[in-house]
Amino acid sequence: MPRRTTLTALALVGLTAAALVLDLARPGAADPVRAAVAATLAPVQEVLAGWDDGEVAELSAERNALAAEVDRLRARETDAAELGALARSSTTAAVDRTLLPARVVAFAPGSSPVGGRTVTIDVGSEDGVLPDQTVVAVDGLVGRVLRVAPSSADVLLLGDPQVVVGVRFGEDGALGDVQADPAPGVPARGHGQLTLTALGDSEIEVGAQVRTLGSPDDIPYAAGLPLGEVVAVDPDRGQLGRTAVVEPFVDTDTLDLVAVVLRDDR
């Protein structure tokens, strides 16, 4: 479409809008303006009336392509910012291994036929992902890889009933484990909260930071990863191992960018 014709069309739109604004502000005052616009732009209207459907479709396609490009650039900018935050996080500092960034592309509740509360990420065996690799986010532990396909993988999330994680907590690094289900007789947990069970007679204090204990070769969990914070301690009823409520650092309901901790044998 010729540039002059396009500019003329934009001028017509602008003058028409101005007349409408004036008419709303002072009814009747826009009549002379409207008449002048009609007289001045009558030739332009004839030109515009001559546009065929192909030209209109071409203009619409160009507009849509430009909007799509803007959205793509914004998405890349967001990805770069999130990757930068992950690279600077304490989670990354705790892992002396390669991290493979991944995007969550699907969620599955624990009641799904595949079993387990999982998310699907957009990297797989072609990228070096293996079962039982640790998955993290900026704020800490997400879960572990459950199943792997060539270009995707399912991640079993922290908080699923199947997941039990060995941990250290507090300034002294006392040992325990974290899981979703509370012990019998203790208060119910809030949404997403977990239960810490101390090993032996270790004291638990509100505010204690909980980190992963780690496993041989980081399978399935790497050591030292932030997991959550103790927000309440259950009453001591003489049970073996004190228990407490842990609020995870990662909200698994809103996951987006994560990273897979790759093993050396990939």
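## About the model

This is a predicted model, in which local features need pLDDT of at least 70 and side-chain atom pairs count only at pLDDT 80 or more, while totals for chains, interfaces and linings use all residues. Residues are numbered from 1 along each chain as its sequence is written, and side-chain values use heavy atoms, with hydrogens and water left out.

## The overall fold

Let's start with the whole chain. Its secondary structure comes to five helices and 12 strands (DSSP runs numbered from the N terminus: helices are H or I with at least four residues, strands are E with at least two). Of the 266 residues in the chain, 35% are buried; here buried means under 20% relative accessible area, exposed means over 50%, and partly exposed lies in between, with a 1.4 Å probe and protein chains only.

The accessible surface is about 14,800 Å², and carbon and sulfur atoms account for 57% of that area (Shrake-Rupley method with a 1.4 Å probe; for residues, only the protein chains shown count as cover).

## The six-strand barrel

Six strands form a closed barrel in the order β1-β2-β5-β4-β3-β12, with antiparallel pairing. Two strands pair if DSSP finds at least two bridges between them. Neighbouring strands of this sheet are turned by 45° against each other on average, direction ignored; the axes behind this value are lines fitted to C-alpha atoms, for helices over the stretch in contact, and angles run from 0 to 180 degrees between N-to-C directions.

Within it, alanine 102 has valine 258 of β12 as its bridge partner. Arginine 103 also has its place in β1 and is buried, at 18% relative accessible area. The C-alpha atoms of arginine 103 and serine 152 are 9.9 Å apart, although 49 residues separate the two in sequence.

Now turn to β8 (residues 194-198), where five of five residues are buried. In a regular strand, side chains alternate between the two faces of the sheet. Both faces of β8 are covered, with Leu194, Leu196 and Ala198 buried on one side and Thr195 and Thr197 on the other.

On one pairing, β8 is joined to β7 (residues 174-179) by four bridges in the antiparallel sense, and valine 178 has leucine 196 as its bridge partner. β8 also pairs with β11 (residues 243-248), again antiparallel and over four bridges. There, leucine 196 stands opposite alanine 244.

## Threonine 197 and glycine 241

Threonine 197, in β8, is buried at 19% relative accessible area. Beyond its neighbours within four places in sequence, threonine 197 is in contact with Gly176, Asp177, Gly241, Arg242 and Thr243.

Glycine 241 sits in the loop between β10 (226-233) and β11, and is buried with a relative accessible area of 4%. Leaving aside its neighbours within four places, glycine 241 is in contact with Thr197, Ala198 and Gly200. Its C-alpha atom lies 8.6 Å from that of glycine 176, which is 65 residues away along the chain.

## Salt bridges

The whole structure has six salt bridges, each defined as a side-chain nitrogen of Lys or Arg within 4 Å of a carboxyl oxygen of Asp or Glu. One of them joins arginine 103 and aspartate 256, at 2.7 Å from N to O. Arginine 103 is in β1 and aspartate 256 in the loop between β11 and β12, so this pair ties together parts 153 residues apart in sequence. Aspartate 256 is partly exposed, at 30% relative accessibility.

Arginine 117 and aspartate 253 meet in another salt bridge, at 2.5 Å from N to O. Because arginine 117 is in the loop between β1 and β2 (118-121) and aspartate 253 in the loop between β11 and β12, the pair ties together parts 136 residues apart in sequence. Glutamate 203 forms a salt bridge with arginine 242, with 3.6 Å between the closest N and O atoms. This pair links the loop between β8 and β9 (209-212) to the loop between β10 and β11, 39 residues apart. Glutamate 203 is exposed at 56% relative accessibility, whereas arginine 242 is partly exposed at 22%.

Notes: Contact means heavy atoms within 4.5 Å.
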